[in-house]
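Colleague: I have a few questions about the words used for this model. Please set each value beside its definition.

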Amino acid sequence: MRNFFPLAVALLATPAAAQEHPDPARLKASVEKLVRFGTRHTLSDPDNPTRGIGAARRWFGAELSRIGDACDCIEVANIANTFTNARAPNGVEVVDVLGFQRGTDPKRVVIVMGHIDSRVTDVMNATADAPGANDDASGVALVLEAARILSKEKFAATIVYAALSGEEQGLFGGQLLAQTAKEKGWTVSAVLNNDIVGNTIGQSGARVADRVRVFSEGIRESEGIEAQLARRADGGEDDGPSRALAKAIDGVAGTLPGGLDVFLVRRPDRFGRGGDHSPFLKLGYPAVRFTVGVENYDQQHQDLRTQGGKTFGDTVDKMDFAYLAKVTAINVATIRRLARAPAAPESVTLAGALATDTTVKWPAVPGATGYRIHWRRADAQDWTDHRDVQGTEAVLKGVIVDDTFVGVSALAADGSESLVTFGGRR
């Protein structure tokens, strides 16, 4: 393992012809390896060399190190803390395994992650076999495949590849990484949480292989009541940073031949549930969750058994690795865009009340070579028009602010675009 903060590397775009595609066979091999650890329960023996969460974490770290050694570009480090709650009454040391592919801006990060822990029906059962193939070896395998592909390229932002622990016991790993981001002063451009991303047969037996769900909040959970009211007054309920990230993912997915439709679910997670991106939302970072188009609940959090002619359990044979490769491709393309781009503008201010033109202003973004002003009619969900500019102020002639939403993104020299920051009176 190398140093936590190595030197930055130079920005160098990779031609599209040289870009690799995710390999279903490699994804399957990673999932099968994780399943062979027996259980990856957070409370399982961390020191056993072949079984349990410790062995699984060490394997993941070794795989990242192997990828990093090939490119001399990924530094592996563990972060850890002790957590206690009803599902960990005696306290448990939670360890997140991270790989840092340092960019020219080592403090700005794009995070792609999955959780390495697994469970069965009884959340406190740390000894029974809990294969956790889809939940969430699929997400961890995706992270490794993304690292393998993107390690061959150079970026402006630092990419963080993360396998988190303690998700099933209380989102511990997400809390640990989010708090680390805050303490280290990282500028978080995006958090892509991949949790249950590898099956296509649902509870009813129907197959859904043409889409992936992306969950995102609109108004930031971290915003106080005054900020929420201001966003409401500006009409920005559907354009908070996490929703902007989800829309960007949708746009990226639309450029991938033979890919998946991104089903934008306008809530932070599945109804009444949460995931490891939730702690990032509490701190105000743009974060989304990827999850399959249809879930099979007989394959989640279940003891391995056959009952009434029905098989229960989260096993490899119930997964679709061609589908997982397509979800991986969306993650890779999104990371590639956002890690090459500058950060999003911190704020965008509009003026134009009682006027037929709209004036747009924003602070300069380090590393930006230009900016893109987006706008749309106020009854539309997606941006319909844009104009590229060089300065940090522009006038949209004939655009009436009462009837129009406006946002601004930052551009890199190769045209890579940041997330869009929604404009208001702030």
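Modeller: Start with Leu171, which sits in the loop between helix H4 (167-170) and helix H5 (172-184). Helices (H or I, at least four residues) and strands (E, at least two) are DSSP runs, numbered from the N terminus. This is a predicted model, in which local features need pLDDT of at least 70 and side-chain atom pairs count only at pLDDT 80 or more, while totals for chains, interfaces and linings use all residues. Residues are numbered from 1 along each chain as its sequence is written, and side-chain values use heavy atoms, with hydrogens and water left out.

Colleague: Why does Leu171 count as buried?

Modeller: Buried means under 20% relative accessible area, exposed means over 50%, and partly exposed is in between (1.4 Å probe, protein chains only). Leu171 has 19% relative accessibility, so it counts as buried.

Colleague: What is phi of Leu171 near?

Modeller: Phi is near 60 degrees, a positive value, and Leu171 is a residue other than glycine. Most residues other than glycine have a negative phi, and most peptide bonds are trans. Ile196 also has a positive phi, about 70 degrees, although it is not a glycine. Ile196 belongs to the loop between strand S5 (187-194) and strand S6 (211-215), and at 2% relative accessibility it counts as buried.

Colleague: Which residues does a cis peptide bond join?

Modeller: The cis bond joins Asp135 and Asp136, with omega about 5 degrees. Asp136 has its place in helix H3 (residues 133-150).

Colleague: How do you know that a disulfide joins Cys71 to Cys73?

Modeller: A disulfide is a pair of cysteine sulfur atoms within 2.5 Å. From S to S, Cys71 and Cys73 are 2.0 Å apart, so the pair meets that limit. The structure holds one disulfide. The link of Cys71 and Cys73 is left-handed, with -80 degrees about the S-S bond.

Colleague: Is Cys73 buried or exposed?

Modeller: Cys73 has a relative accessible area of 7%, so it is buried. Cys71 has 21%, so it is partly exposed.

Colleague: How many residues has the largest nonpolar core?

Modeller: A nonpolar core is a set of buried Ala, Val, Leu, Ile, Met, Phe, Trp, Tyr and Cys residues joined through side-chain atoms within 4.5 Å. The largest one has 64 residues, and those with the most contacts inside it are Phe60, Tyr161, Ile249 and Phe290. H3 gives the most to this core, 11 residues. A second, separate core has 26 residues, including Ala77 and Tyr285.

Colleague: What makes a space a pocket, and what makes it a cavity?

Modeller: On a 1 Å grid over the protein atoms alone, a cavity is a set of points where a 1.4 Å probe fits but cannot get out, and a pocket is an open set with protein on both sides within 12 Å along at least five of seven lines; lining residues have an atom within 4 Å of a point. Grid points are joined across faces, edges and corners, and a volume is the space filled by probe spheres set on the points. By that count, about 950 Å³ of space lies in the largest pocket. Its lining has 40 residues, with Ala343, Ala344, Pro345, Glu346 and Thr421 nearest its centre. The largest cavity has a volume of about 80 Å³, and the search of the whole structure finds four cavities of 30 Å³ or more.

Colleague: How many residues line the largest cavity?

Modeller: There are 15, of which Arg119, Gly132, His301, Gln302 and Asp314 lie nearest its centre.

Colleague: Why do S14 and S17 stand at the edges?

Modeller: Two strands pair if DSSP finds at least two bridges between them. Four strands form an open sheet in the order S14-S13-S16-S17, with antiparallel pairing. Strand S14 (385-389) and S17 each have a single partner strand, so one side of each is left without a neighbour in the sheet.
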